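Trainee: Could we go through this one together, a question at a time?
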Amino acid sequence: MAAYELNGTTYEHDEEGYLTDISQWNPELAELIAKDEKIEMTPEHWEVVNFLREYYEEYQIAPAIRVLVKAMKKKFGKEKGSNKYLYELFPYGPAKQACKIAGLPKPTGCV
Amino acid sequence: MSERDKDMGGESTELSAEDFLDPLEIPELQPGVMEDSKPYEAAPEFQESLGFPGELVPDWKERAIAMIGELRDKYRGFRVYLDACVKCGACTDKCHYFLGTGDPKNMPVARQDLLRKVYRRHYTFAGKYMPWLVGAEDLTEEVLDDWYAYFHQCSQCRRCSVFCPYGIDTAEVSMAAREIMDEIGKGQKYCNEIIGKVHTIGNNLGLQKPALAATLEDLEEDLEDDTGLEIKLPLDQKGAEILLVTPSADFFAEPHIDGLLGYAKVFHAAGASWTISSYASEAANFGMFIGSYENMRKVSLRIRKAAEDLGVKRIIFGECGHAWRVAYSFLNTLAGPFDFLDQRYPIPQHICEYTYDLIQRGVLKFDKSKNDHIRLTFHDSCNIARASRMGDKPGGQFEIPRAILRAVCNHFYDMPEDTIRESTFCCGGGGGLLTDEIMELRKKGAQPRMRALQEVAKEHGVTHMAAICAICKTQFAKVMPEYGFAMDSIVSVHQMVSNAIILEGARDGADDDDEDEE
């Protein structure tokens, strides 16, 4: 199985780059995963990633896009609470790409 | 194309055929161009949880050949489809994946023949003794590779079967091929992982009850913000009259969730008592995609159990294409009889039938101008169009969604006739192919539908396309940008209903703004 390499540690991931063991996640690894996704992590990216991780901790799943948008709006202001904003940060889709960077499993199904 | 040009109205007479790319244009042949397009294989854990071998079994050839015989004996249709083809060629240019890729193995007859040639070798007299005369071939690793690649380039949409003079249904052949591959340990990750989640958690997403409850609460808040009304999305409410079974994408993705809000508003306006079930929080039934009767049955039985446990009288399905095929055509066989439900209503009923009935009876009122920023067309989802029906008249599955859309918006235009209704094109992601590793196939498979959409966009200024299938909605949101449309040009039918519905006591003009959709 393929793996990320960071500071001499290997972190296994699935075919698409999602971590196999989500408890292994750390911020430095997130930067590395983001790089693979051609994303330079900024404080704005971290706001989303951190929110996803908090939500996941409570519910064992990523939030619906709409829930994420609304939470972003509440927490960080109106201009950050839109689909468009999230897609600018994560062009392949906030649900899938941001989840991957946050170390969360990929949302499955017709999504 | 010329037929259509004649039909064009005054405003569009200046457009000629050259302005459009023909959705039905036959591509130049490109043999083998898609032979490497293969979805990820299922890991042993996903295989085994469905009762399949974890990996390719040592005697896979013998088992696969034996299984062709078993399926031939079990399903009469399968046998007829394998025996009846006369290679007339009527199907060759009817598959969206063929039109989009040019790979001749995506011609339906060639796809069927990947399996048929092995069947002939072992189960026909001529094939046993003179295989070279009848195109009979042995099962080899190369053939198995082709099976895996090309039976995962069939979305089981059945467009080819409409044009086959014998009615041969490639979907049945591809389902059988996938069933055989599962049984020899070569299953597909996307479908099998998801079916496992439905068996353990109750939906494709893996959305557990607390998360579902939190999401619904959040949406109730949104509805109240928008309308000033307490519009409920009840969960696990015992004694409710109606159980709504909807794809879990309706709890998660865009524009699906806007459709869910539409159902809620319709139920509210009708004063209905309804509930969602956390145990059967999924309409989709991927058991069909892999041809597994047992898995399809197990998923269906969850719906029955939820209906019994909650004591509901009616079951209504949300906007999900293949779910409606399973519900309309197979549910009673799989999980019936539903003698505990109210027999005065269709069992089960489609949300569009429900809404349409309310419109007919004058219960729902609309302000169509709320959708004036949208010029709309409708994409017939394959499983609804060609494998089910709605209402009590033939063709109801085509007319009812359109009647709803015409009731809620002023600007509705159909795409060219040879690309809609029973001739509709698959979105390119159906049949268990909505997975990212085969994105190239998905984009190419969407081409006929996208060209038809481009045509009405140019002719009539169409800006949006509505659909009643979770797969279609996700697929289009992903591939539309490739064809010059914004990702939110795809909308739910009940999203359009939601925009226009007039609710008594609602704050006026509250949901005018579209900022969240941009």
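What follows is a short chat about domains, chain contacts and a sheet.

Mentor: Keep in mind that this is a predicted model, where local features need pLDDT of at least 70, side-chain atom pairs count only at pLDDT 80 or more, and totals for chains, interfaces and linings use all residues. Residues are numbered from 1 along each chain as its sequence is written, with chains lettered from A and ligands numbered from 1 in the order in which they are written.

Trainee: What distance separates the centres of domain 1 and domain 2 of chain B?

Mentor: Chain B is divided into domain 1 (22-187) and domain 2 (195-517), with bounds from an automatic or database domain assignment. Taken over C-alpha atoms, their centres are separated by 31 Å.

Trainee: Which helix of chain A gives the most to the side that touches chain B?

Mentor: Contact means C-beta atoms, placed from the backbone, within 7 Å, and 19 residues of chain A are in contact with 32 residues of chain B. Helix 3 (65-76) and helix 4 (83-89) of chain A each supply at least two residues of that side; helices here are DSSP runs (H or I, at least four residues), strands likewise (E, at least two), numbered from the N terminus. With 5 residues, the one giving the most is helix 3 of chain A.

Trainee: Which strands stand at the edges of the open sheet in chain B?

Mentor: The sheet has 3 strands in the order 5-6-7, with parallel pairing; strands pair if DSSP finds at least two bridges between them. Each edge strand has a single partner, so one side is left without a neighbour in the sheet: these are strand 5 (376-378) and strand 7 (490-492) of chain B.

Conventions:
Contact = placed C-beta atoms within 7 Å.
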